[in-house]
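Here's a quick tour of a protein model, written for someone new to reading structures. Have a look at it first, then go through the notes topic by topic.

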Amino acid sequence: MAQQKNTGHGSAPNAKHRIKPSTKQDITLRRALRREAPSTVGLLVDAQDFAAMRRYRTFPFDDHATYLHQVEGLLKSLAAQGMHTTVALFDPEDYADFCAESALDADTSASRSRFTTEIAAAGATVAYTGQSLTDLIPLLVSRAVRQATWEYATLLLADLGACAECGQDIGRAAFDRASHLLTRLLETAGPGTHHLVCSTPTENDQLLAVLHTHRDATGPARLDTSEGAEFATVLAVAIALETPGGVVLRTSTPDSPDRVHGWRLAYGALAPLTAGEVFNAYCTDAETGEPVSPESGVEYSAGFDIGADPAERHH
């Protein structure tokens with residue numbers, strides 16, 4: 001490293017402010033410290049989002065496939081250095097809004113980096129563990145959809161206000177009720193690997209939540225806390241708005257066919273469907289209404305009584 005030149009305007013001040021050259025120990029320590037600092041990569045997952053970013057002069061890529069190849073190379077390089085790296089979904093429209101609201105020049109790498117930091121703190125991310133982008137991208141998109149669904153459902157509940165008769169917060173009460181129903185459902189379902197789906201229509205969208213859990217022969221069900229909260233929030237929307245929500249449970253146990261059960265939501269309770277209704281719901285395309293062939297090795301069974309306490313209705 002080059003030494004700082006003495007200008008002759010007083011040796012003491014120059015010596016005081018002179019920057020010492022980095023030693024091998026300094027470099028080693030900085031590299032070790034760098035491994036302690038997590039990294040986040042913002043990813044443009046599809047060609048449409050990539051095309052939207054090409055309008056910025058400082059965006060250095062012309063081809064989406066090349067861009068994805070370079071991103072994967074970067075992720076592998078960071079992993080090889082022992083660094084923890086997460087991948088966040090980079091949305092060009094959200095980026096433009098962020099820059100406008102923050103008075104930032106959108107056509108700079110610094111602004112893109114700042115936006116990536118913001119979405120990593122508040123949005124959906126996936127930890128990079130060496131998986132290919134082919135595997136990582138669907139997981140990232142799924143988590144982003146889950147995040148958006150949860151945020152929308154939470155806003156719906158928050159906007160409901162208080163009950164005109166008892167003064168209780170309707171959204172809070174609906175969430176507590178949904179949590180109670182979910183707990184009872186998991187307790188009554190028994191041991192096995194459970195896959196639950198809750199769906200309900202709203203004015204603007206069809207909300208969908210998915211929950212995976214496992215329960216041994218002894219002990220409570222093990223579930224992801226965030227998935228449980230998201231599932232309960234969507235179920236709470238159906239309870240609060242009294243929309244025709246429904247829940248489907250698929251249970252897998254060793255050496256037995258998978259069992260599918262279903263319920264409809266009625267007045268804050270899960271009313272069991274008949275075996276025929278479960279079959280029709282599970283073997284019908286939700287978008288086209290056309291029949292779907294039933295899976296082999298799957299039993300379509302009536303919903304069972306989950307033994308939940310009666311619900312209090314709010315107006």
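Helices (H or I, at least four residues) and strands (E, at least two) are DSSP runs, numbered from the N terminus. With that in hand, Thr243 is in the loop between helix 9 (225-241) and strand 7 (246-252). What you're looking at is a predicted model, where local features need pLDDT of at least 70 and side-chain atom pairs count only at pLDDT 80 or more, while totals for chains, interfaces and linings use all residues. Residues are numbered from 1 along each chain as its sequence is written, and side-chain values use heavy atoms, with hydrogens and water left out.

- The score to know is pLDDT, the predictor's confidence in each residue, from 0 to 100.
- The protein averages a pLDDT of 85, and 85% of the residues score at least 70.
- Confidence is lowest in helix 1 (residues 11-17), with a mean of 47, and highest in helix 3, at 96.
- Over residues 1-13 the pLDDT is below 50, and this stretch has nine contacts in the model beyond near neighbours in sequence (contact means heavy atoms within 4.5 Å).

- Is Thr243 buried or exposed? Thr243 counts as buried because its relative accessibility is 16% (buried means under 20% relative accessible area, exposed over 50%, partly exposed in between, with a 1.4 Å probe and protein chains only).
- Setting aside neighbours within four places in sequence, Thr243 is in contact with Thr200, Pro201, Val237 and Ala238.
- Asp62 sits in the loop between helix 3 (47-53) and helix 4 (64-80), and Asp62 counts as exposed, at 58% relative accessibility.
- With neighbours within four places in sequence left aside, Asp62 is in contact with Phe50 and Arg54.
- Asp62 and Ala51 are 11 residues apart in sequence, and their C-alpha atoms are 8.6 Å apart in space.

- Strands of a sheet pair through backbone hydrogen bonds, either parallel or antiparallel.
- Here, an open sheet of three strands has the order 1-2-3, with mixed pairing (two strands pair if DSSP finds at least two bridges between them).
- Strand 1 (39-43) and strand 3 (125-127) are the edge strands, each pairing on one side only.
- Strand 1 and strand 2 (residues 85-89) run parallel and are joined by five bridges; Thr40 has Thr86 as its bridge partner in strand 2.
- Helix 6 (residues 109-122) packs on the sheet and touches strand 1, strand 2 and strand 3, and its direction makes about 100 degrees with that of strand 1 (axes are lines fitted to C-alpha atoms, for helices over the stretch in contact, and angles run from 0 to 180 degrees between N-to-C directions).
- Helix 7 (residues 133-158) also packs on the sheet, touching strand 1, strand 2 and strand 3, with its direction at about 145 degrees to that of strand 3.

**Rings and cysteines**

- How many aromatic pairs does a search of the whole structure find? The search finds 12 (rings of Phe, Tyr and Trp, with its six-membered ring, pair if their centres lie within 6.5 Å; planes under 30 degrees apart count as stacked, over 60 as edge-to-face and the rest as tilted).
- The rings of Phe90 and Tyr95 have centres 5.2 Å apart and planes at 45 degrees, so this pair is tilted.
- Phe90 is buried at 4% relative accessibility, and Tyr95 is buried at 0%.
- Ring pairs link Tyr56, Phe90, Tyr95, Phe98 and Phe115 into a cluster.
- Searching the whole structure turns up zero disulfides (pairs of cysteine sulfur atoms within 2.5 Å).
- Cys99 is buried at 2% relative accessibility, and Cys198 is buried at 1%.
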